[in-house]
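Student: Could you take me through this model by question and answer, with the cut-offs stated as we go?

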Amino acid sequence: MIVDNTFATPINQNPLALGADLVIHSATKYLGGHADALGGALCGPRDLVKKVFGWREITGATLGPMAAYLLLRGMKTLSLRVRHQNESAGRIAAYLNSHSAVSAVYYPGLDTHPGHEIAKKQMRGFGGMLSFELAGGFEAMKAFLPRLNLANLTANLGAVETIVGPPATTSHVECTPEERAKLGISEALVRYSVGIEDTEDLIADLEQALA
Ligand SMILES: *Cc1c(COP(=O)(O)O)cnc(C)c1O
């Protein structure tokens with residue numbers, strides 16, 4: 001069993017300790033944390049990792065020295081960044097949950113989330129990623145997103161800057177609208193990756209854009 005622990009980060013959750021065989025990370029996201037280097041990590045028992053390592057050697061996906069340096073440098077602040085992002089995301093999720101222009105908020109730290117009990121058992125924090133749906137649908141999203149001043153409209157996540165994007169036109173753009181609906185991804189879903197900015201500033205930014 002392989003777990004992609006990119007969103008949780010090793011600060012919040014350790015799947016190997018919970019019985020997973022292997023853990024993968026997009027180091028491009030939280031591990032690097034500064035949206036300036038591409039990389040990945042595979043963690044687990046030596047015999048399993050060795051098989052992948054051999055294959056990787058042949059296919060040539062080798063991390064460049066500059067990216068390696070940036071990722072190592074970024075990881076020194078991983079714990080500080082993630083702990084702030086956990087706290088900030090929790091407060092933002094609660095704020096959005098109480099806003100009348102928002103019809104749904106998805107965050108494992110909310111007790112209304114279907115995975116909340118499991119998350120509480122196995123995570124030390126609920127992470128910096130959340131998503132929400134606007135009551136006004138796709139049209140409302142088109143008006144809302146460009147009005148955000150402190151969130152970058154891009155397809156990345158897990159950086160020091162707050163990043164926002166609609167999965168319908170970014171991560172899940174290759175699915176048909178029917179496939180997205182089946183996955184529970186509405187056309188008005190907004191993905192919000194909380195950065196390390198001041199929480200009050202982010203909430204004020206959301207407030208003015210929602211208004
Ligand atoms: C971005 C991402 C990937 C892909 O990683 P890259 O570093 O962009 O190649 C894989 N899994 C998750 C959960 C991601 O967010």
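Student: Is Thr9 buried or exposed?

Tutor: This is a predicted model, in which local features need pLDDT of at least 70 and side-chain atom pairs count only at pLDDT 80 or more, while totals for chains, interfaces and linings use all residues. Residues are numbered from 1 along each chain as its sequence is written, and side-chain values use heavy atoms, with hydrogens and water left out. Buried means under 20% relative accessible area, exposed over 50% and partly exposed in between, with a 1.4 Å probe and protein chains only. Because its relative accessibility is 1%, Thr9 counts as buried.

Student: Which residues does Thr9 touch, not counting residues up to four places away in sequence?

Tutor: Thr9 lies in helix 1, residues 9-12, where helices (H or I, at least four residues) and strands (E, at least two) are DSSP runs numbered from the N terminus. Contact means heavy atoms within 4.5 Å. With residues up to four places away in sequence left out, the residues that Thr9 touches are His25, Tyr30 and Val82.

Student: How far apart in space are Thr9 and Leu31, C-alpha to C-alpha?

Tutor: In sequence, Thr9 and Leu31 are 22 residues apart. In space, their C-alpha to C-alpha separation is 7.5 Å.

Student: What is the radius of gyration of the chain?

Tutor: The chain has eight helices and eight strands. The globule rule, 2.2 Å times the number of residues to the power 0.38, is compared with a radius of gyration taken over C-alpha atoms. For 211 residues the rule gives 17 Å, and the chain comes close to this, so it is as compact as a globular protein of that length, with a radius of gyration of 18 Å.

Student: Which residues touch the most other members of the largest nonpolar core?

Tutor: A nonpolar core is a set of buried Ala, Val, Leu, Ile, Met, Phe, Trp, Tyr and Cys residues joined through side-chain atoms within 4.5 Å. The largest has 26 residues, and the elements giving two or more residues to this core include helix 4 (78-97) and strand 8 (189-193). The members that touch the most others are Ile92, Leu96, Leu130, Phe132, Phe144, Tyr192 and Leu206.

Student: How many residues are in the other core, which lies apart from it?

Tutor: Among the members of this other core are Tyr30, Leu70, Val82 and Leu157. The number of residues in that core is 11.
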